[in-house]
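Colleague: I am new to this structure. Could you show me how to read its features, one at a time?

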Amino acid sequence: MWNSDRQQQQNGVITSTNTGTQQNTNNGNGSRSGSQNPPKQLGMTSAISLAGPRPEDVQKTDELRKALEPYKVFETEEELNHRMEILAKLNTLVKQWVKDVSIAKNMPEAAASKLGGKIYTFGSYRLGVHHKGADIDALCVAPRNIERSDYFTSFFDLMKKQPEVTECRAVEEAFVPVIKMNFDGIEIDLLFARLSLKEIPDDFDLRDDNLLKNLDPRSVRSLNGCRVTDEILSLVPNIENFRLALRSIKLWAKKHGIYSNSLGYFGGVTWAMLVARTCQLYPNATAATLVHKFFLVFSRWKWPHPVLLKHPDNVNLRFPVWDPRVNASDRYHLMPIITPAYPQQNSTFNVSESTKKVILMEFNRGMTTTDEIMLGRASWDRLFEAPSFFYRYRHFIVLLVNSQTADDHLEWCGLVESKIRLLIGNLERNQHISLAHVNPKCFEHKKGNTNNTNNNNNNNNNTSCSQNSSGNEEDKTGGSQQTTSTVTSSPFCSMWFIGLEFERTENLNVDLTESIQNFTEHVIQHGVNIKMLKEGMSIEARHVKRKQLSQYLDADFLKKERKSMESHNNFNNQIMANRKRLSTEMQKDGSNGSTNTNVKRSRVSESNEENSNASSDAGGATTPTTPTSTQQTPPTFSNANSKQATPVEDHSDNSNSGGGGGAGNANGNSTPNSNTATASAQPATEVACS
């Protein structure tokens with residue numbers, strides 16, 4: 001199913017889906033006994049390697065564990081016990097609530113006491129990879145006599161009365177309805193599922209597909225988290241190695257800005273499935289080796305071939321499943337990674353062309369970095385160093401989200417964040433934009449920062465940019481003339497930044513007004529439709545050049561960004577020097593007819609010279625591993641009403657990959673069906689590149 005035969009040819013033979021120890025292997029040396037059965041295998045294909053760990057692999061794993069400790073990815077025994085106590089209290093409350101509601105519905109007390117009800121966990125806590133202070137994803141399972149309306153009324157009221165519970169709020173109309181709360185210092189997202197069973201025993205297993213019969217879609221979606229998490233744990237050969245590798249990959253993904261399902265990157269369950277697939281391909285490897293092989297496998301994956309952990313179950317309960325043979329829309333998914341539990345879904349349907357490019361670039365960068373780590377030429381800290389986002393591009397779109405109260409701001413930001421990928425899609429449809437890179441981090445605007453206000457936005461577009469001796473005009477303090485004023489007058493303001501990279505085309509003129517106005521109008525209209533929009537809520541899009549970032553971001557933060565850029569450049573230069581030296585040594589050895597075993601051993605990833613552009617093998621365009629490898633023609637900007645673009649001085653520099661364009665400012669407000677909110681789109685209405 002789903003090109004599984006083709007994938008078998010690429011990666012090996014089919015394996016079983018049961019956990020267990022590897023048999024018929026002699027510590028990975030390949031020797032077998034003819035009297036024994038074939039080894040049990042996991043996943044769609046056979047393992048790439050059954051080799052066991054070497055002493056240096058164990059040492060690298062110890063180094064990896066120590067490198068993770070400063071990032072607070074491990075909880076103490078006391079903190080773990082605290083979480084277990086909270087879940088036990090919740091479980092007791094659920095059982096008592098089910099009993100009380102049943103008695104209120106005229107059920108005898110003796111029968112109501114037997115109904116049960118249970119709390120299940122899923123996500124990072126269930127996988128055992130949650131970090132300090134992380135929330136808990138949980139599911140409340142109730143028998144058939146309990147209605148969803150009971151959950152969002154009587155149970156919600158019960159939780160609000162608990163002395164340990166604060167910030168309790170219900171999101172009943174969400175795609176997956178949830179009650180959010182803070183329970184004794186731990187954030188909990190509690191879903192609800194009503195099963196078509198009379199009783200819920202304490203040892204009930206949610207992985208049974210038959211329990212989905214006659215369930216409503218919302219209950220099926222709520223159950224999916226637990227079912228997928230349990231399947232993942234059952235499909236990895238060594239859970240402890242899986243957990244340490246997954247902790248590492250999740251930390252790396254967050255540091256490199258590619259951890260966000262809503263913005264089109266990968267979410268937690270997706271990273272878990274990718275690490276689980278790596279564990280299946282290297283079942284006896286240590287965590288350090290798994291991290292290295294993770295980048296090797298997925299930097300060269302033949303996207304859009306799907307990643308599957310097992311053969312899809314032949315279950316026909318009429319729930320929609322991911323199947324491109326049946327569903328035309330599934331054929332357009334760029335990086336499909338399929339959940340292992342029925343009904344199978346693509347966890348990455350939000351991935352766009354731009355986010356795919358960014359993810360592949362980071363996969364390639366990770367491959368190069370782990371090569372150096374495994375060779376002993378770098379430490380694990382290098383993998384977790386965040387690359388510079390704000391020195392990668394010269395032009396940005398900044399989205400400013402404003403509200404009057406903290407509660408309004410929380411809801412408004414959540415809505416805007418869920419819609420940002422629509423703006424990315426609008427920008428991608430412009431044939432001249434090669435990349436629209438959204439930074440998933442939401443920045444809070446601090447009062448006291450200054451910027452050019454809306455009154456002089458037009459001047460921003462036509463002001464020539466000067467350049468200092470370092471080639472980074474943005475680092476000059478006081479080098480450009482500015483009008484001091486606050487960025488916003490709203491008491492609450494959050495910001496998202498989108499870096500723009502344009503195609504290298506002469507005499508390029510790009511109008512981004514429509515793309516941005518369509519986005520802001522859509523967000524405002526959606527806020528009106530769901531009755532969220534309140535007085536003081538607004539969304540504004542501005543064009544920002546790199547030198548103007550200091551008006552929005554803290555100066556110390558920008559200094560760290562620049563140091564990060566310089567550190568990555570030095571590391572990349574060191575790698576290139578090592579490769580050049582290695583190539584020279586190999587040529588000398590070849591001319592002398594000798595074999596240098598040390599040189600052979602140093603080629604960790606089988607083809608070190610190809611790692612920097614491995615994304616071409618993974619189904620994507622060739623992408624440089626560093627943001628400093630290309631130069632672009634500098635852009636010029638003009639207003640929508642200008643008859644001629646005003647030229648801008650060349651301010652390209654060696655620290656900048658790209659982007660030759662951005663959005664300027666054209667004042668405009670959009671308040672469909674509402675006079676209480678505004679959507680100000682101030683994009684670079686016209687971009688001219690010569």
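Colleague: Which residues of α6 are buried?

Modeller: This is a predicted model. In α6, the buried residues are R148, D150, Y151, F152, F155, F156 and M159.

Colleague: How do I read the spacing in such a list?

Modeller: Start with the general idea. An α-helix has 3.6 residues a turn, so residues three or four places apart point the same way. Now take this case. Y151, F152, F155, F156 and M159 are among the buried residues of α6.

Colleague: How many residues does α6 have, and what is its reach from first C-alpha to last?

Modeller: Helix α6 covers residues 148–161, which is 14 residues. From its first C-alpha to its last it reaches 20 Å, close to the 20 Å expected at 1.5 Å a residue. Still, look along the axis. α6 has a kink of about 30°, centred on F155. F155 is also one of the buried residues.

Colleague: How should I picture side chains on a strand?

Modeller: In a regular strand the side chains alternate between the two faces of the sheet. For pairing, go to β3 and β4. They pair in the antiparallel sense over five bridges. They form a hairpin, with six residues between them. V165 stands opposite F183 in β4, and T166 stands opposite N182.

Colleague: Which peptide bonds are cis?

Modeller: Check omega. A cis peptide bond joins W303 and P304, with omega about 10°. The bond from Y342 to P343 is cis too, with omega near -5°. P304 lies in the loop between α10 and α11 (353–374), and P343 is placed in the loop between α10 and α11 as well.

Colleague: And phi? Where is K72 found?

Modeller: K72 is in the loop between α2 (55–68) and α3. Its phi is positive, about 60°, although K72 is not a glycine. K72 is exposed, with a relative accessible area of 55%. N214 has a positive phi of about 65° and is not a glycine either. N214 lies in the loop between β5 and α7. At 76% relative accessibility, N214 counts as exposed.

Colleague: How many disulfides are there?

Modeller: The count is zero. Distance decides, with a cut-off of 2.5 Å between cysteine sulfur atoms. The sulfur of C442 has its closest cysteine sulfur in C413, at 5.2 Å, so the two are too far apart for a bond. C442 is partly exposed, at 27% relative accessibility. C279 is buried, at 2%.

Terms used: Residues numbered from 1 in each chain as written. Predicted model: local features only at pLDDT ≥ 70, side-chain atom pairs only at ≥ 80, totals over all residues. Heavy atoms only, no water. Helix = DSSP H or I, 4+ residues; strand = E, 2+ residues; numbered from the N terminus. Expected span 1.5 Å × (residues − 1). Bend = angle between axes of the 7 residues up to and from the residue. Buried < 20%, exposed > 50% of the residue type's maximum accessible area, 1.4 Å probe, protein only. Pairing = 2+ DSSP bridges.
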